Amino acid sequence: MMPADRLTTLEIRAAEQEKTIEELSGQIAEQWKVIDRMQRKLDALTDRFLAIEEQAAPDVPVTKPPHW
């Protein structure tokens, strides 16, 4: 293979890798958005559950276990 061909091949590979990295970065950003939404929903549901539990048994305080 001629040096010019090798250089062209390397440039093509670099461009393909750059495109792949950009695509993966975009996918990761979208996944973080989904995770953030899910975390907020989980936090809201946890708060609601604790409130309902406190209403059901007002004499017993609801506390998180020490490992939380």
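# Salt bridges and surface

Mentor: Let's start with K19, which counts as exposed at 52% relative accessibility. Here, exposed means over 50% relative accessible area, buried means under 20%, and partly exposed is in between (1.4 Å probe, protein chains only). You're looking at a predicted model, where local features need pLDDT of at least 70 and side-chain atom pairs count only at pLDDT 80 or more, while totals for chains, interfaces and linings use all residues. Residues are numbered from 1 along each chain as its sequence is written, and side-chain values use heavy atoms, with hydrogens and water left out.

Trainee: How many helices does the protein have?

Mentor: Helices (H or I, at least four residues) and strands (E, at least two) are DSSP runs, numbered from the N terminus. There are 0 strands, and the number of helices is 1.

Trainee: Is E30 buried, exposed or partly exposed?

Mentor: E30 joins K33 in a salt bridge at 3.3 Å, N to O. Those two are 3 residues apart in helix α1, so about one helical turn separates them. K33 has a relative accessible area of 46%, so K33 is partly exposed. For E30 the figure is 44%, so E30 is also partly exposed.

Trainee: How far apart are the closest N and O atoms of D36 and R40?

Mentor: D36 and R40 are 4 residues apart in helix α1, so they're separated by about one helical turn. D36 itself is partly exposed at 40% relative accessibility. Their salt bridge has its closest N and O atoms at 3.0 Å.

Trainee: What percentage of the residues count as buried?

Mentor: I28 gives one example, in helix α1 (residues 3–56). Its relative accessible area is 46%, so I28 is partly exposed. Of the protein's 68 residues, the share counting as buried is 0%.

Note on methods:
Salt bridge = Lys/Arg side-chain N within 4 Å of Asp/Glu carboxyl O.
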